[in-house]
Amino acid sequence: GPCTECSCSSGKDPDKDPSHTKKKENGDRLCVPKIFFGTRTHKQITQISRELKRTAYSCVPMTILSSRDYTCIHPVVSNSSNRNEMCVELLEGKHGKSCSYYHGVHKLSEHHALQPRVHQAWDIEDLVSLGRKLRACPYFAARELMVGADIVFCPYNYLLDPQIRESMDIQLKDQVVILDEAHNIEDCARESVSYGVTESQLQAAREELDFMVSNNIRQKHHEPLRAVCCSLI
């Protein structure tokens, strides 16, 4: 039968649909929660979006959050091993250069092919292909689409890693979280709180800390750090 709890099948604008925003007894507005669907890999997101197309909810507002490795289309940045750093440098205009693809984000996020209730669910390849055509950044367009999305697909670490949640402005309070193949969560959680360093980095850190201690610069703070570096080396 027709969907009665949301606006997806009725074709109504969720902002104007009274069923999309309910009233609490004290008069406060209670918004319908988003669904955050976490998967282990980006490939699984493509499979799930394909399955979404086959359901009655294929036209609900959605977006897919993924890394610059999959969505950056800048000819220089996309071929770099440091995509994140180069992207930030361009956006900050450090070297007097900017990213024209970023400035065209609105052309992609507002494009009719991505509008709900008109076209079916899409995947990362569809977004990137359209981004190349419009010369607009798929990475930031996907983030903009999250504001009005009812379903947000993303890898596990976007939900588990607090730093990524903060950088992507993901708020999970009072939302619905679905974790596909949740037996993989332990490994992902370990990775989120782990960090790898090389021996050369430890050696360089110890040399800097030696300098700090020998010059009596905040000794009580730097001596314990030097001891940690020495023990790891």
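User: Taking a cavity as a set of points on a 1 Å grid over the protein atoms alone where a 1.4 Å probe fits but cannot get out, how many cavities of 30 Å³ or more does the structure hold?

Analyst: Happy to start there! This is a predicted model, where local features need pLDDT of at least 70 and side-chain atom pairs count only at pLDDT 80 or more, while totals for chains, interfaces and linings use all residues. Residues are numbered from 1 along each chain as its sequence is written, and side-chain values use heavy atoms, leaving out hydrogens and water. The number of cavities of 30 Å³ or more is two.

User: Which element gives the most residues to the lining of the largest cavity?

Analyst: The largest cavity has a volume of about 110 Å³, a volume being the space filled by probe spheres set on the points, which are joined across faces, edges and corners. Its lining (residues with an atom within 4 Å of a point) has 14 residues, with Cys 72, His 74, Cys 87, Cys 99 and Cys 137 nearest the centre. Two or more lining residues come from each of α3 (83–92), α4 (100–103) and α7 (138–145), helices being DSSP runs of H or I with at least four residues, numbered from the N terminus. With three residues, the element that gives the most is α3.

User: How many disulfides does the count come to?

Analyst: A disulfide is a pair of cysteine sulfur atoms within 2.5 Å. For Cys 137, the nearest cysteine sulfur is that of Cys 99, 6.1 Å away, and Cys 137 is in no disulfide. By this rule the count is zero.

User: Is Cys 137 buried or exposed?

Analyst: The cut-offs for relative accessible area are under 20% for buried, over 50% for exposed and partly exposed in between (1.4 Å probe, protein chains only). Cys 59, at 22%, is therefore partly exposed. Cys 137 has a relative accessibility of 10%, so Cys 137 counts as buried.

User: Which residues does Ala 142 contact, leaving aside neighbours within four places in sequence?

Analyst: Ala 142 lies in helix α7 and counts as buried because its relative accessibility is 3%. Its C-alpha atom is 9.1 Å from that of Met 62, 80 residues apart along the chain. With contact meaning heavy atoms within 4.5 Å, the partners of Ala 142 are Thr 63, Ile 64, Leu 65 and Leu 127.

User: What share of the 233 residues in the protein chain do buried residues make up?

Analyst: Among contacts with a separation of 6 or more, residues 24 or more positions apart account for 68%. As for burial in the protein chain, the share is 36%.

Definitions and conventions:
1 Å grid on protein atoms, 1.4 Å probe; cavity = no way out; pocket = protein on both sides within 12 Å on 5 of 7 lines; lining within 4 Å.
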